[in-house]
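Keep the structure open while you read.

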Amino acid sequence: MTAPAERRVRVAAVQAEPAWNDLQGGVNKVISLLGDAGKEGANVVGFPEVFIPGYPWSIFTATPLDNAPFMEEYFHNSLAVDSDEMRRIQAAVKENGTFCVLRFSERHQGSLYISQVFINTDGQIVHHRRKTKPTHVERAYWGTGEGDSLKCVEHTQPLLRYYKYQQDVDIHVPSWPVLSDRPESVGSRWPYFITGDMSSRLSQVMAFEGACFVLVCTQVLSEENFDKNKVRGVEHIQGTGGGFSAIFGPGGEPISTMPSDKEGILYANVDVNDKLRAKQWLDVVGHYSRPDMLSLRVNTHPSKPVFFAEEPEK
């Protein structure tokens with residue numbers, strides 16, 4: 001009887017504080033963390049959501065008018081895909097020989113997008129996507145991705161999750177901002193679903209449903225940066241931290257976790273073939289599906305605001 005050869009991968013999940021509203025500082029920090037992961041022999045490394053230039057919690061806590069100067073600064077410190085800053089990151093990925101999944105606020109012409117690039121070990125961007133539907137207040141500041149951005153997922157979109165499973169993913173990298181526990185003083189006025197606990201559970205569910213390894217990458221916030229982020233005195237942000245990074249296996253089992261207020265990188269050596277054992281029990285797009293009764297229609301073609309007619313034949 002022939003057993004499948006092991007497919008060993010060393011994975012790494014970053015939990016770190018961004019260089020808030022500082023493009024060059026953010027690029028430098030990404031490069032430094034890539035160096036740390038490379039020294040530890042990581043094959044795949046993931047970063048938190050909009051790690052450059054950090055998640056602007058003031059969009060929830062200030063009016064658009066009051067927040068306008070902050071977001072103007074945020075715009076200019078967001079990262080363009082075709083830029084010297086991105087090329088520096090690509091060079092660092094190649095130098096350290098680790099596949100990189102980087103989440104950042106993308107600046108493109110006059111708009112912002114919650115974006116993600118997948119950079120291979122040759123330093124090439126093999127996939128660039130934008131969040132297809134920014135969440136709640138995020139929609140006031142970031143645009144939407146189109147059909148060509150469906151190769152990844154938003155965790156609270158069940159249909160997108162199912163499409164992700166159909167892609168037979170081995171390793172999924174969910175990226176999250178700072179998300180604190182809900183203080184008792186705030187109570188139900190701050191929804192439980194906007195907490196690290198709920199977001200961690202969603203990520204764990206993806207590992208279970210998708211039978212894949214999941215690298216949860218999160219930001220943290222230190223007290224010294226409360227003022228810079230305009231959250232000093234905000235009721236639901238009580239104390240520092242807000243991280244909940246973890247690595248889950250394809251059965252949903254926790255492999256590695258980190259304290260909520262620490263910066264660092266989680267590592268795990270995994271065998272990608274473990275997903276096949278998990279799928280013996282549950283393959284939601286295979287033997288556990290009923291496409292004759294329930295199926296998903298997907299449009300992967302990007303919509304564009306301007307189309308150019310073909311030149312007439314001469």
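1. Start with alanine 211, which counts as buried because its relative accessible area is 1%, under the 20% cut-off. This is a predicted model, so take the backbone detail here as a prediction too. Alanine 211 sits in the loop between H6 and S8, and its phi is positive, about 50°, although the residue is not a glycine.

2. Lysine 230 is worth a look alongside it. Again we have a residue other than glycine with a positive phi, near 60° for lysine 230. Its place is in the loop between S8 and S9. Is lysine 230 buried or partly exposed? With 34% relative accessibility, lysine 230 counts as partly exposed.

3. One more backbone item: the peptide bond running from isoleucine 52 to proline 53 is cis, and its omega is near 0°. You'll find proline 53 in the loop between strand S2 (44–46) and helix H2 (58–61).

4. Now the overall picture. The chain has seven helices and eleven strands. A compact globule of 314 residues would have a radius of gyration near 20 Å, and the chain agrees with that at 20 Å. Along the principal axes, the C-alpha atoms fill a box of roughly 70 × 65 × 45 Å. Of the 314 residues, 53% are buried. The accessible surface is about 16000 Å², with 51% of it belonging to carbon and sulfur atoms. As for contacts, take those between residues at least 6 apart in sequence: 68% of them join residues at least 24 apart.

5. On to the inside. Nonpolar side chains tend to be buried together in soluble globular proteins. Here the largest nonpolar core has 32 residues, and the ones with the most contacts inside it are Trp57, Met71, Tyr74, Trp142, Leu221 and Val231. Which elements each supply at least two residues of this core? They are helix H3 (64–76), strand S4 (111–119), helix H6 (196–210), strand S8 (213–219) and strand S9 (246–248). H3 provides the largest share, four residues. There is also a second, separate core of 25 residues, and Val14, Val30, Leu34 and Ala92 are among its members.

6. Setting aside neighbours within four places in sequence, tryptophan 142 is in contact with Val50, Tyr55, Pro56, Ile59, Tyr74, Ser105, Leu112, Tyr113, Ile114 and Pro134. If you want to see how this residue sits in the model, display those side chains together.

7. Then the aromatics. A search of the whole structure finds six aromatic pairs. Tryptophan 57 and phenylalanine 60 form a tilted pair, because their ring centres are 5.0 Å apart and their planes are at 45°.

8. Tyrosine 74 lies in helix H3, while tryptophan 142 is in the loop between strand S5 (125–130) and helix H5 (158–166), so the pair ties together parts that are 68 residues apart in sequence. Both tyrosine 74 and tryptophan 142 are buried. Ring pairs also link Tyr55, Trp57, Phe60, Tyr74 and Trp142 into a cluster.

9. Last, serine 175, which is placed in strand S7 (residues 175–176). At 5% relative accessibility, serine 175 counts as buried. What lies 2.7 Å from a polar atom of the serine 175 side chain? It is the backbone oxygen of phenylalanine 47. Leaving out neighbours within four places in sequence, the residues in contact with serine 175 are Phe47, Pro48, Glu49, Arg103 and Cys217. Serine 245 is 70 residues away from serine 175 in sequence, yet their C-alpha atoms are 9.1 Å apart in space.

Methods: Residues are numbered from 1 along each chain as its sequence is written. This is a predicted model: local features need pLDDT of at least 70, side-chain atom pairs count only at pLDDT 80 or more; totals for chains, interfaces and linings use all residues. Side-chain values use heavy atoms; hydrogens and water are left out. A nonpolar core is a set of buried Ala, Val, Leu, Ile, Met, Phe, Trp, Tyr and Cys residues joined through side-chain atoms within 4.5 Å. Buried means under 20% relative accessible area, exposed over 50%, partly exposed in between (1.4 Å probe, protein chains only). Contact means heavy atoms within 4.5 Å. A polar contact is a pair of N or O atoms within 3.5 Å; within protein, one must be able to donate a hydrogen and the other to accept it, and residues adjacent in sequence count only if both atoms are side-chain atoms. The radius of gyration is taken over C-alpha atoms; the globule rule is 2.2 Å times the number of residues to the power 0.38. Accessible areas come from the Shrake-Rupley method with a 1.4 Å probe; for residues, only the protein chains shown count as cover. Rings of Phe, Tyr and Trp (its six-membered ring) pair if their centres lie within 6.5 Å; planes under 30 degrees apart count as stacked, over 60 as edge-to-face and the rest as tilted.
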